[in-house]
Amino acid sequence: MPKAFRFEDDMKSSSTTIAACAWARQGAKIIALHGIDEKGACGCGKRQCGSPGKHPIADLFPKGQHSATSSVTKIRRAFKAHPDANLGVILPQGLVALDV
């Protein structure tokens, strides 16, 4: 039986950087995704973006999810450069998420 996993503490922080670092400490890999602006448009700047707020910031993560990292230094740098970025989490092996 797998060890229980709790989504708690800093993982629920309103600070994207703090939450991202907490997830990384739990074994997840992190990727910064384009955010959504105040008008509801994707931060990538494409007028007809097919995946608003859900795709990687290419200059930081050129290989998409394959560029994801658990390096706290890289995570801090990414969210400092892009403070409005969304947080993408590649879950550790054996962990499954349900989006209800």
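**A chat about the fold and helix α2**

Biologist: What pattern does the protein chain follow along the sequence?
Modeller: Reading along, you get α-β-α-β. That makes two helices and two strands in the protein chain. Keep in mind that this is a predicted model.

Biologist: Okay, which residues of helix α2 are buried?
Modeller: Helix α2 runs over residues 72-81, and its buried ones are Ile75, Ala78 and Phe79. They sit on the same side of α2, because they cover an arc of only 85° around the axis.

Biologist: Why would residues three or four places apart point the same way?
Modeller: An α-helix has 3.6 residues a turn, so residues with that spacing end up pointing the same way.

Biologist: And what do the buried residues of α2 pack against?
Modeller: Their partners are α1 (16-25), β1 (29-33) and β2 (86-90).

Biologist: What about the other side of α2, which residues are exposed there?
Modeller: Over there you'll find Thr73, Arg77 and Lys80 exposed.

Biologist: How much of the protein chain counts as buried?
Modeller: Of its 100 residues, 31% do. The accessible surface is about 7,300 Å², and 50% of that belongs to carbon and sulfur atoms.

Biologist: Last one: how many positive and negative side chains are there?
Modeller: There are 14 positive and 8 negative, with the centres of the two sets 8 Å apart.

Conventions. Residues numbered from 1 in each chain as written. Predicted model: local features only at pLDDT ≥ 70, side-chain atom pairs only at ≥ 80, totals over all residues. Heavy atoms only, no water. Buried < 20%, exposed > 50% of the residue type's maximum accessible area, 1.4 Å probe, protein only. Helix = DSSP H or I, 4+ residues; strand = E, 2+ residues; numbered from the N terminus. Arc of directions from axis to C-beta. Contact = heavy atoms within 4.5 Å. Areas by Shrake-Rupley, 256 points an atom, 1.4 Å probe, with all protein chains shown as cover. Lys, Arg positive; Asp, Glu negative; His and termini not counted. Charge placed at Lys NZ, Arg CZ, Asp CG, Glu CD.
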